[in-house]
Amino acid sequence: MKKSFTAIAAVLLFSSFGATAADITITTGQQGLTYNAVYGVNLASALSEYGYKSTVVPSKGSLDNLDKVASGEAQIGFTQADAFQFWRSRHGNEAQKVDIIGELGDECVFVAVKDGGKIGGEGDLKEGVKIAVGEPTSGSYASWQYLQTLEKNYAKVETYAKGGVRSLAKVATGEYDAFLWVSAPDRTNKFLESVNQKGSGLTMISMNGWNVDDKLPNGKAVYELKKAVTESGWLSDSKVKVPCTKTLVVANTDAGDDMLETASTVLLKNLSRVLGSK
């Protein structure tokens with residue numbers, strides 16, 4: 001009898017530990033890039049100190065993350081604010097399951113064109129122009145789709161859901177007229193490095209020919225125009241003026257009050273740790 005009681009107590013104790021040590025899936029971004037290798041890993045590490053075991057999984061981008069969080073496949077995910085706005089305008093019911101629990105750094109919309117080509121500035125992005133904007137589930141694709149709803153000339157541009165350096169290179173050869181991507185303004189990336197490569201035949205343009213005041217559910221503006229350095233120089237830096245949006249941390253509303261409270265606390269009190277070193 002004593003042995004049976006001990007066995008039952010052990011099972012109950014084990015079960016109670018299993019219930020409190022909740023597992024969290026954090027859906028991030030492409031393997032090795034900022035959402036995945038920096039934000040996801042650092043957030044998981046911080047949450048582990050509160051007893052949560054987190055699995056950081058790569059994804060196809062912001063829209064993919066929102067789908068996974070809304071469905072409950074993941075409890076936490078990262079998304080650009082403009083991508084979130086675009087996604088929720090098309091997924092009204094699913095959006096009820098997604099809550100904004102934190103805000104990370106800026107991400108800006110960059111556009112590269114052929115140096116001396118048909119596009120000399122943002123005003124040339126209109127009918128007759130071909131632009132590659134990234135894969136259909138990417139944040140850059142969502143940014144462009146959202147921008148097209150705000151600027152009527154953009155809606156007339158011939159859009160290609162193609163990403164990667166291969167697509168950027170096709171701007172130099174004339175297959176595309178422009179290439180759009182979204183990245184942090186203070187971090188180097190493969191696209192900017194490719195544009196700045198000597199003899200690339202590419203250049204950056206500013207994207208400041210319009211004003212937007214669209215707001216997120218939390219009341220904050222979707223975009224803010226900022227100057228971003230595209231190339232550091234000896235005497236001065238090359239800069240472009242671009243629309244920047246925030247990286248949001250979103251969670252499934254059914255993930256549990258304790259987990260949501262803990263994650264929000266981490267993002268408020270330990271933000272620099274989640275952001276990591278630049």
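**Salt bridges and exposure**

Colleague: Is Asp-106 buried or exposed?

Modeller: Asp-106 has a relative accessible area of 16%. This is a predicted model, in which local features need pLDDT of at least 70 and side-chain atom pairs count only at pLDDT 80 or more, while totals for chains, interfaces and linings use all residues. Residues are numbered from 1 along each chain as its sequence is written, and side-chain values use heavy atoms, leaving out hydrogens and water. Buried means under 20%, exposed over 50% and partly exposed in between, with a 1.4 Å probe and protein chains only, so Asp-106 is buried.

Colleague: Which residue forms a salt bridge with Asp-106?

Modeller: A salt bridge is a side-chain nitrogen of Lys or Arg within 4 Å of a carboxyl oxygen of Asp or Glu. For Asp-106, the closest N and O atoms of the pair are 2.4 Å apart. The partner is Lys-226.

Colleague: How many residues apart are Lys-226 and Asp-106?

Modeller: Strands (E, at least two residues) and helices (H or I, at least four) are DSSP runs, numbered from the N terminus. The salt bridge between Lys-226 and Asp-106 links distant parts of the chain, with Lys-226 in strand E9 (residues 224-231) and Asp-106 in strand E4. Their separation is 120 residues.

Colleague: Which parts does the pair of Asp-254 and Lys-97 tie together?

Modeller: Side chains of opposite charge can pair when their charged atoms come close. Asp-254 and Lys-97 meet in a salt bridge, with N to O at 2.5 Å. The pair ties together parts that are 157 residues apart in sequence, because Lys-97 lies in the loop between helix H4 (81-90) and E4, and Asp-254 in the loop between strand E10 (238-252) and helix H8 (257-269).

Colleague: Which residue has a relative accessible area of 55%?

Modeller: Lys-97 is partly exposed, at 33%. The exposed residue, with 55%, is Asp-254.

Colleague: How far apart are the closest N and O atoms of Lys-170 and Glu-175?

Modeller: Lys-170 is partly exposed at 28% relative accessibility, and Glu-175 is partly exposed at 42%. The two residues form a salt bridge, and their closest N and O atoms are separated by 3.9 Å.

Colleague: Which residues are joined into one network?

Modeller: The structure holds seven salt bridges. Lys-170 and Glu-175 form one of them. Salt bridges that share partners make a single network of Asp-106, Lys-226 and Lys-246.
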